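Please look first at how the chains of this assembly are arranged, and then at the fold within one of them. The paragraphs below take these two topics in turn.

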Amino acid sequence: MEEILRVENLSKKYEDVDVLDGISLSVKKGEVVVIVGPSGCGKSTFLRCLNGLEDIRDGSVFLGDEKINPNKKNLSKTREKIGMVFQSYDLFPHKTILQNVTLAPIKVKKRKKAEVEEEALKLLDRVGLISKKDNYPRQLSGGQKQRVAIVRALIMHPEVLLFDEVTAALDPEMVREVLDVVLSLAKEGRTMLIVTHEMSFARAVADRVIFLDGGKIVEEGKPTDFFDNPKTDRLKKFLKTFSYEE
Amino acid sequence: MGFEVLLKGNNALRLLGGLGVAMYISMISVVISITLGIILGMLMTLKNPVINAVSRVYLEIVRIMPQMVLLFIVYFGATKILGLNLSAEVSAVIVFSFWGTAEMSDLVRGALTGIPAIQYESSMALGMNRLQTYIHVIIPQIVRRLIPLSINLITRMIKTTSLVMMIGIVEVLKVGQQIIEANRKSSPNAAFGIFATIFILYFLACYPISCLSKYLEKKWEN
Amino acid sequence: MDFEVIVSYLPLYIKAFMLTIKIGWIGIALSLGIGVFCAFVLHFRIPVLSAIVKVYVELFRNTPLLVQLFFVYFGLPKIGISISAEACGAIGLGLLGGSYMTESFRSGLDAVPVSQTESALALGMRKGQLFSNVILPQAVTLSVPAVVANLIFLLKETSVFSAISLMDLMFTAKDLIGLYYNTTECLFMLVIFYVVMLLPVSILGTVIEKKTRFKMFGD
């Protein structure tokens, strides 16, 4: 299958600390890549580099044939093609749910309002939130807000979707409703990069799992190999922190 | 440009003396305001309906009545209506304390109600008694919130005292006018130099205090 | 209290009231314009202008309006800049208010979380779209309480206009007291007119504050 995203030797430093240290990665169309690792291992920074929220100084990121360059003017053009969902949902508090979803397609893609709204309603219906279309974000639960945030990214028809710990801020009973949506997107064949702490979810959704530690890819593999037969000691130790067995 | 008039005789000293009068009145008012404001602010958190009603009316009066109007009421009105013969200085201190107490009490109330209940609960859960909770947990937090705001009140008080010339107190603006008047022939442009100097003097008096307030606020912001 | 006196003074007070309101609101309009402009300069860190704005804000926030007015009205004519008392009042209030409004708008702009910017950028929004659709509406809401407080503060500050011989409410009251010694009536009317001028703003301000707050945060 054709390659859609390529990362070459991506490095990033914050005050002499290597946050990302020479990461290379290729993602195929329709592939779901899950990135796990301890806190501060650089997973979020990595995702943020992919759509230019962090400057890329060393190394490069390609979306298709296009090189992502945070200083170039076409960065927002690239971002239209890469959707991102954040841990803290970040819906726009002054807009209704429907307006949150339709704002970017109308303003950025200059699509017709009626057409965008129709699509928005379909997508909201799909995540079970059509009844909330005229509510404001503050009236929704965390899980509901996160589902809206996913719809808000989807309606831009992105080629790649990035999920940055989308369930980390949620109450446990709401995690499921959000992950179900992500899982259904995976089944549709969407290309996704997911940073998460939910190991059982990673196992269920991933085509490939990557273990990031100290800014480097330490190990990667198919979920069954990755979780059942970890090769490196660091991954073994990391996976052990998720179980209570002696 | 009229600055030369400052060098004549003791004009510069007289101006500083005038600023001193304004500072003196504001310091007395600040001390009274902070003391009464803390008491009233604490009373306001008791949720007593009478205290609440009275303090709301009081705060609203202060919120919408210019200090200048209050100054006139106390200075001219008290003599006429109550037959009291208040000096301009005493009137000024009364009015500025009336205003400052309202401001301070609102800050104190805000600081007190702004401490989350969990702070009390977790202290109690650690086995502290009420007094210990206040001394070690609550009061230090309140003090940190209040000190920058109280310092800010001082600069506002200093600026407000410029109004007292309007009821005849000889402070820095009045001294300035006297100097301009006395040197009308020899330095016709004195008004520029004198008022520019007073502008700078007020700035020099208030700016360091504002900076201190901002600095402390930043420093204690969690 | 003598009501005949009150009635006979009424036209003078109304005239003064209109003047006070006129100069007051012109000054406030000026201060809003200055405040928005300077807040943008600070927010976007425009070189040179930022430094000038900072000096301006500190100078005017740390000096009394009365001193500013004396300097402009009595001082500036000595170096050839002469303006009428009315213009001086409006400009003085505008400059003082501008320094306060700058701080209010700037802190409103700065209070919009960075994550809002990031999520809008991630949707492909351009800088201008991000600013007008996401940042500005939230910043305006966030600055409402401070702006309302400034409005009330500035309307109260109009009471010092009398010092530069503007025939405002204070001036009229003082003048009449000096002429006829009807102190009680004069002061009573002074208070009433200030209540008429400020109470609606105070009440309306509180309502608007609650409404915008609710719309934004739901509490």
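Buried area is the accessible area, found with a 1.4 Å probe, that two parts lose on being put together, summed over both. By this definition, chain B and chain C bury about 3600 Å² between them, and 74% of that area is on carbon and sulfur atoms. The model described here is a predicted one.

Two pairs of chains touch, and the pair with the most contacts is that of chains B and C. Chain A and chain B, by contrast, are joined by no contact, and their closest C-alpha atoms lie 20 Å apart.

Consider the interface of chains B and C. Here 37 residues of chain B and 40 residues of chain C take part in the contact. The interface has one salt bridge, formed where the side chains of B:K214 and C:E58 meet, at 3.2 Å from N to O. Between the two chains there are also nine residue pairs in polar contact, with both residues at pLDDT 80 or more. On the side of chain B that touches chain C, the elements giving two or more residues are α2 (49–64), α3 (67–82), α7 (172–182) and α8 (190–219) of chain B. Of these, α8(B) gives the most, with twelve residues. Sorted by class, this side of chain B has 26 nonpolar, six polar and five charged residues.

Eight residue pairs, both at pLDDT 80 or more, are in polar contact between chain C and chain A.

The account now turns to the sheets of chain A.

One sheet of chain A is open and is formed by four strands in the order β2-β1-β4-β5, with antiparallel pairing. Its edge strands are β2 (17–28) and β5 (66–68) of chain A, each of which pairs on one side only. From one strand to the next, the twist averages 25°. Within this sheet, β1(A) and β2(A) pair in the antiparallel sense over eight bridges, and A:Y14 stands opposite A:V17 in β2(A). The hairpin of these two strands has two residues between them, and A:E15 takes a positive phi near 45° there. Strand β4 (residues 58–63) of chain A is joined to β5(A) by three bridges, and these strands run antiparallel. In this pairing A:L63 stands opposite A:E66 in β5(A). Helix α1 (residues 43–50) of chain A lies across β1 (3–14), β2, β4 and β5 of chain A, and runs at about 125° to β1(A).

Another open sheet of chain A has six strands in the order β6-β7-β8-β3-β9-β10, and its pairing is mixed. The edge strands of this sheet are β6 (82–85) and β10 (216–221) of chain A, each pairing on one side only. Neighbouring strands are turned by 20° against each other on average, direction ignored. Strand β9 (residues 208–213) of chain A runs antiparallel to β10(A) and is joined to it by five bridges; A:D213 stands opposite A:K216 in β10(A).

Helix α6 (residues 172–187) of chain A lies across β3 (32–36), β7 (160–164) and β8 (191–195) of chain A, running at about 145° to β8(A). Helix α9 (residues 233–240) of chain A lies across β3, β9 and β10 of chain A, running at about 100° to β9(A).

Definitions and conventions: Residues are numbered from 1 along each chain as its sequence is written. Chains are lettered from A and ligands numbered from 1 in the order in which they are written. This is a predicted model: local features need pLDDT of at least 70, side-chain atom pairs count only at pLDDT 80 or more; totals for chains, interfaces and linings use all residues. Side-chain values use heavy atoms; hydrogens and water are left out. A polar contact is a pair of N or O atoms within 3.5 Å; within protein, one must be able to donate a hydrogen and the other to accept it, and residues adjacent in sequence count only if both atoms are side-chain atoms. Contact means heavy atoms within 4.5 Å. A salt bridge is a side-chain nitrogen of Lys or Arg within 4 Å of a carboxyl oxygen of Asp or Glu. Ala, Val, Leu, Ile, Met, Phe, Trp, Tyr, Cys and Pro count as nonpolar, Asp, Glu, Lys and Arg as charged, and the others, Gly among them, as polar. Two strands pair if DSSP finds at least two bridges between them. Axes are lines fitted to C-alpha atoms, for helices over the stretch in contact, and angles run from 0 to 180 degrees between N-to-C directions.
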